Amino acid sequence: MQRLTKNNLKLYSSLNRVKYRQKYNIYLVEGEKTVRSILAHDSSKVREIIGTDDWIHENTDLLQDLEELTIASAKDMKALSTFKTPPKVVAVLNHTAQEFKLSLINSGRVIYLDGVQDPGNVGTILRIADWYGFETVIRSTDSADFYNPKTLQSSMASFLNLNLLSSD
């Protein structure tokens, strides 16, 4: 375990903007429930878990297979978070962008988002798509980013179960 450095705090805080998520191919996911879902679903995408000292010690069984654990103060968590009340844990995930291929949409059910600009609405649509068994969601380039913090939060970890593509 290590402490959160000022350089990493600056880097991870910048991930609230799409430009930096694309530049570094990483994104943040906030909140205990979503981080637990990620660790249970597919921990291979996890680059680093950043949490308060209390949270990390309370969840050692959940974190035993992870190498990158970082302890952050409550002040640092507030700087990282987009929430009004900062979470006790944040996951830094590697972004593996899928290239758009027609073969991905020829099988299964697909939703296409055209100009849906509100990140909360995009996240809700992801949650609904997951619930109803859709496999792929495609967004137009003028729709909100799938990895926007508000989109991820409102999807309630459903983004993990879907192919997320961008195309016009």
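Student: In which helix does W55 lie?

Tutor: Helices (H or I, at least four residues) and strands (E, at least two) are DSSP runs, numbered from the N terminus. W55 lies in helix α4. The model is predicted: local features need pLDDT of at least 70, side-chain atom pairs count only at pLDDT 80 or more, and totals for chains, interfaces and linings use all residues. Residues are numbered from 1 along each chain as its sequence is written, and side-chain values use heavy atoms, with hydrogens and water left out.

Student: Is W55 buried or exposed?

Tutor: Buried means under 20% relative accessible area, exposed over 50%, and partly exposed in between (1.4 Å probe, protein chains only). W55 has 0% relative accessibility and therefore counts as buried.

Student: How far apart are W55 and E32 in sequence and in space?

Tutor: They are separated by 23 residues in sequence and by 9.0 Å in space, C-alpha to C-alpha. E32 belongs to helix α3 (residues 32-41) and, at 33% relative accessibility, counts as partly exposed.

Student: Why is strand β5 described as largely enclosed?

Tutor: Strand β5 (residues 89-94) is largely enclosed by the rest of the structure because 5 of its 6 residues are buried.

Student: Which residues stand opposite L93 and V90 in β5?

Tutor: Two strands pair if DSSP finds at least two bridges between them. Strand β2 (residues 26-30) runs antiparallel to β5, joined by 5 bridges, and Y27 stands opposite L93. Strand β3 (residues 46-51) is also antiparallel to β5, with 5 bridges; here I50 is the bridge partner of V90.
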